[in-house]
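Biologist: Could you walk me through this one, starting with the aromatic rings?

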Amino acid sequence: LLSFVIFKLAKTFNLDDFWSIICVITTLFVGSAAFIKPLVIKNSTWSGNAFMLDQPYDQLINLHTGIGYILIILGTLFVFRWFSSKSVKFGYLAAVAISLLFGVKIFFAIPISLAFGIICLFRIKEDGFRSLFPALLLLVLSGSIFLIVSDRTGSGHNFPLTFRPGWLLTKMVEDPERFSVEGFYLKYLHYQSKGNWLRLTQMEIEKICLYLLGNFWIKLLGIIYLIKSYQKQRQQNLFLLLCILISLALPLVVTPQPDPFNAVQFGQVAIIFMGFTFGLFLSSIKRGKLLLALMIPIFLFIIGKDFFNVRKFHEYIVNKDEYSALQYLKNNSDKYSIIMVDPVFDNKKMKVSALAERRTFYTGGNIAWLLGIDDSYRKNVQSLFFASASDSGYIKDIVNQYGINYIYTSLSTDFNQVGYPLVYSNSNVSIYKTETSLLE
């Protein structure tokens with residue numbers, strides 16, 4: 001469906017089927033310039049988000065992101081139909097499509113909503129004040145959807161955005177997993193202590209250039225297309241430019257709460273449209289097919305080394321032994337059982353809850369953190385529980401107090417001495433059954 005709506009959007013620029021398909025490919029599969037990282041930084045590895053912004057092909061495994069991309073393109077398609085048909089009903093349809101983003105991916109919704117609002121103001125000259133009605137509809141629908149789907153409980157849901165200019169760029173050049181520049185931060189601190197604002201300004205400009213060139217490199221040619229063809233399709237190009245500029249600017253000045261790294265999601269609108277306009281650029285030049293042929297090996301190399309990099313997905317991989325243990329719990333324990341999971345298995349991805357379909361004493365901090373709930377007590381109890389395996393009295397108190405039915409642990413921890421029988425074991429996992437177990 002995503003490929004289809006991108007194809008239909010390309011058709012609004014009067015492209016033939018070949019170039020419309022190329023626009024689909026450039027939108028989804030042209031990555032960043034992260035592949036140069038090992039050439040610049042010795043002994044380093046790279047991934048598509050080395051310059052902070054995630055690439056579309058990397059995010060398609062995320063259902064919410066995929067739906068978000070579809071709504072972005074669908075909303076834009078309706079906006080363009082509004083421009084070409086002069087019928088405000090397409091403006092209303094665009095408002096509905098964009099407002100749905102607030103229930104799926106709010107970070108995608110904000111840049112395109114702001115661009116839509118500005119476009120509605122520009123259209124007053126042509127349509128009069130009725131051009132503001134789609135913007136008002138978007139405001140009402142998006143506000144209603146946000147209030148319905150958002151959880152406003154807990155300290156994590158105070159004002160969602162914090163003004164932190166440059167924070168994302170600083171992380172980009174500091175984090176070894178991104179594009180860390182050796183000595184950059186120390187130089188910055190040195191010039192800051194000396195009050196050398198000229199040098200500090202220069203370093204900020206360098207970070208911005210690195211951010212733009214790294215994330216978009218060849219896709220920056222799409223901007224040339226938008227400028228070159230501006231007079232032919234002024235409103236369409238203006239809308240795309242606004243989306244791109246707002247999407248790029250937001251993560252540079254604000255960060256969401258409670259996870260500031262979510263600022264990168266603002267940039268996804270720019271990533272999508274820059275890839276799309278690069279396809280438009282190729283279709284507009286005489287030697288577009290030649291340039292495309294020359295770039296295909298690089299694009300294939302990027303996708304091959306980045307998307308199919310197993311190390312990127314190691315945290316989602318469950319080995320055979322652990323999977324067998326989880327299947328044992330699923331098939332042999334009561335559905336209301338509570339499992340105490342050893343921290344060594346890092347249950348943040350909720351493997352026990354997902355694959356064994358059983359409740360756990362402590363899943364991991366991610367959900368609690370997002371909800372603004374203090375989970376430190378349970379986290380500490382979990383750690384102390386496995387560190388005190390030899391303390392029979394303490395273990396039994398915790399088991400009885402919280403109704404623990406099974407203990408899911410590694411081979412290094414032995415609960416036999418507490419009196420709990422070992423009911424399952426393989427080379428990685430041991431499962432002990434407590435006296436409170438619901439299993440007959």
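Modeller: Let's start with Phe385, which is buried, with a relative accessible area of 0%; buried means under 20% relative accessible area, with a 1.4 Å probe and protein chains only. Quick note: this is a predicted model, where local features need pLDDT of at least 70, side-chain atom pairs count only at pLDDT 80 or more, and totals for chains, interfaces and linings use all residues. Residues are numbered from 1 along each chain as its sequence is written, and side-chain values use heavy atoms, leaving out hydrogens and water.

Biologist: Is Phe415 buried or exposed?

Modeller: The relative accessible area of Phe415 is 0%. That makes Phe415 buried.

Biologist: What kind of aromatic pair do Phe386 and Phe415 form?

Modeller: Rings of Phe, Tyr and Trp (its six-membered ring) pair if their centres lie within 6.5 Å; planes under 30 degrees apart count as stacked, over 60 as edge-to-face and the rest as tilted. Here the centres are 5.9 Å apart, with 85 degrees between the planes. So the pair of Phe386 and Phe415 is edge-to-face.

Biologist: Which ring does the charged end of Arg123 sit over?

Modeller: A charge sits over a ring if NZ of Lys or CZ of Arg is within 6 Å of the ring centre and within 35 degrees of the ring normal. The charged end of Arg123 is 4.9 Å from the centre of its ring, and that ring belongs to Trp82.

Biologist: Is Ser99 buried or exposed?

Modeller: Ser99 has a relative accessible area of 1%. On that value, Ser99 is buried.

Key. Buried < 20%, exposed > 50% of the residue type's maximum accessible area, 1.4 Å probe, protein only.
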